[in-house]
Amino acid sequence: MKPEVDYSLYLVTDSTEAILGNRDLISVVEQALQGGVTIVQYRDKTSDTGVLIRIARALHEKCKQYSIPLIINDRVDVALAVGCEGVHLGQDDMSVTDARNILGPSKIIGATVSSVEEARIAVERGADYLGIGTLYATNTKKNTKDIIGIAGTRKILESLSHPTSSAAAKQIKTVCIGGINATNIQRILYQLHYSPFSSPSPPTIKPISGAAIVSAIIASSTPKHASSLLRSLITTSTTHPTFLPSNFSPSPSLPSPQTLLNATLTLHKTNPLTHNMTNLVVQNLAANVALNIGASPIMSTNGTEARDLAALHGALVVNMGTSTPEALTQYKLAIEAYNAVGGPVILDPVGAGATAARKDALRFLLGVGYFTVIKGNESEILEVARASHIPIPIPIPSSSSTTTPSPSSSPEQPQPQQQRGVDSTHTLTHPSKLSLVKTLASTLRCTILMTGPTDILSNGTTTLSIKNGHEYLGRVTGTGCTLGTTISAYLAAAAAASSTSSSSSPNDSHGPESKDEVKNIGVLEAALASVLHFEIAAEDAAASLDVKGAGSFVPAFLDALAAYREGVVEGRLGEEWLRGRMRVE
Ligand SMILES: Cc1ncc(COP(=O)(O)OP(=O)(O)O)c(N)n1
Ligand SMILES: Cc1nc(C(=O)O)sc1CCOP(=O)(O)O
């Protein structure tokens, strides 16, 4: 009878100079056991068999003291000699079938897989768990076959829980591997619906059972501390991941006008910080937009001050408009700082499809941290989808035929039309856009806003079309970027309000009506409220008699942004008014 194994923090060892240094492996593993690793794999690619067996025996003794299973990498003979709990086999090692025949039914056999097909075969051959990778590029193992990211890992998890999959597939345990550390583990587990003991929470995806880690523990100078930190991040990720603002759960329906007005009131009351790492073109306009909607802007591209700024309960906008390799390093520092404290982060992948450098920058940023909202025009969101390995709809050719993305689409991705500069191309039908935005939001477990004549907003559960706005917005450079600033201010306000709602007075004059309504301002509500504030103000500004074109529109727009906020705060713009103005379905 195989014991129930907790795969949540799976330590894979490494004895190389670069990672272990000149320390003693047994002592490092013992410290990791004290810190709370739940399963250990001895992985040593160079030692002779005699040495392998000696070290494996010593490790097994230690693991037994902590009642933790020991697995041997690659070598069935060593596992047999030591009598430990099992083996881990790669695609080029002994087959799972042969290993099972040798080891018998009571031993644990793990298999490395990087595709749906490899997973299917490993399950069929009787593996107990799958090591799914490579999740992210890692210095620990340079010659990995495929970097599959969150989307590739999810594809495998989805295939295992597919209604037509076998009972064994539905039951098999899974860990992800490659580039996992304390800064990204919660986001990764969140995006992979971590659940330590199988019980597929959302039925469409099998939750991951744990994370396999090498360097973040073995290379640490304090393996006990590194392990216990990782363990506590894993444990809290099932309750509430620290990178998510509290109460930011997916909204199941179209937010009510009162909730949207409450978001504006909350913004006014909290005067949140919006930290903009934005492009050179829009710095001034973005700061003015922030001031007029009722936020406090800071335009800082220095990542080293992000930790201090993140402590001020604001939100971060990362806008790739004029980014450089040096800027990417600064963005990384800032994203990590905001993720560490649960501050909202908005990614505006400006011109993401325009050049190879921008495509690379986008892939880099998507691996760096969690984005609460990703906002972009159609071309930019298509690029995010491609970077996330999500099947994208076929662009409209000369005729109007399109396909809807489906998880079973061919791996041959249709190439989106080359983006020219930062302008968007318009190639998809509305249903295709809806489907793409929803799929992307649910895959990345964040909120996506695709802007255009009709904006599409989705958190993967609720998908909305927003038809407000005015064409002048498209004739002033950088207005799209300043929408990112507006979203950040609303998210920061909602996050701050939700974390203090229990202590605030629910019936302040002109304030949100109840604690519940403050709590209900989740990401989708805050993002929708910000888009409506921005776009209805644009409509009002454009209708002003003084406005003759895009030039005179800008000052009128700033006035209208402030007037919207003042109207809501003073109670002149209420529920009925908003119901009549919002064009959302
Ligand atoms: C848990 C886990 N997953 C994957 C691997 C990789 O194993 P393999 O493909 O055999 O590659 P090497 O480890 O031998 O380089 C693993 N070891 N553990
Ligand atoms: C041993 C191993 N196997 C991988 C795979 O993709 O199969 S990645 C990897 C190394 C993971 O190291 P770290 O946690 O330091 O990034």
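Lys64 is partly exposed, because its relative accessible area is 44%. On the scale used here, buried means under 20% relative accessible area, exposed means over 50%, and partly exposed is in between, with a 1.4 Å probe and protein chains only. Before going on, the conventions. This is a predicted model, where local features need pLDDT of at least 70 and side-chain atom pairs count only at pLDDT 80 or more, while totals for chains, interfaces and linings use all residues. Residues are numbered from 1 along each chain as its sequence is written, chains are lettered from A and ligands numbered from 1 in the order in which they are written, and side-chain values use heavy atoms, with hydrogens and water left out.

Back to Lys64. The residue sits in helix 3, residues 49-65. Helices (H or I, at least four residues) and strands (E, at least two) are DSSP runs, numbered from the N terminus. Cys84 is 20 residues away from Lys64 along the chain, and their C-alpha atoms are 9.4 Å apart.

Next, Thr138. Thr138 is found in the loop that runs between strand 6 (129-132) and helix 7 (149-160). Is Thr138 buried or exposed? Thr138 counts as buried because its relative accessibility is 18%. Its side chain reaches the backbone nitrogen of Thr140 at 3.0 Å. That is a polar contact: a pair of N or O atoms within 3.5 Å, where within protein one must be able to donate a hydrogen and the other to accept it, and residues adjacent in sequence count only if both atoms are side-chain atoms. Setting aside neighbours within four places in sequence, Thr138 is in contact (heavy atoms within 4.5 Å) with Gly178 and Gly179.

Now the ligand. Which residues come nearest to ligand 1? Of the 15 residues around ligand 1 (a heavy atom within 4 Å), the nearest are Gln41, Arg43, Lys45, Thr112 and Lys141. An N or O atom in the side chain of Lys45 is 2.3 Å from an oxygen atom of ligand 1. For Lys141, a polar side-chain atom lies 2.7 Å from a ligand 1 oxygen atom, and for Asp93 the distance between a side-chain N or O atom and a ligand 1 oxygen atom is 3.3 Å. On its own, ligand 1 has 420 Å² of accessible area, and the protein covers 91% of that.

How many of its residues are buried? Ten of the ten residues of helix 17 are buried. The cover over them includes strand 12 (345-348), helix 16 (356-368), strand 13 (373-377), helix 18 (430-444) and strand 14. At the start of helix 17, a side-chain oxygen of Asn377 comes within 3.2 Å of the backbone nitrogen of Ser379. Just after helix 17, His389 has a positive phi of about 60 degrees.

Last, strand 15, residues 455-458. Both of its faces are covered, with Asp455 and Leu457 buried on one side and Ile456 and Ser458 buried on the other. Strand 15 pairs with strand 14 (residues 447-451) in the antiparallel sense over three bridges, where pairing requires at least two DSSP bridges between the strands. In that pair, Ile448 stands opposite Ser458, and three residues separate the two strands of the hairpin. With strand 16 (residues 463-466), strand 15 pairs in the antiparallel sense over four bridges. Ser465 is the bridge partner of Ile456 there. This hairpin has four residues between its strands, and Gly460 in the turn has a positive phi of about 90 degrees.

Definitions and conventions. Accessible areas come from the Shrake-Rupley method with a 1.4 Å probe; for residues, only the protein chains shown count as cover.
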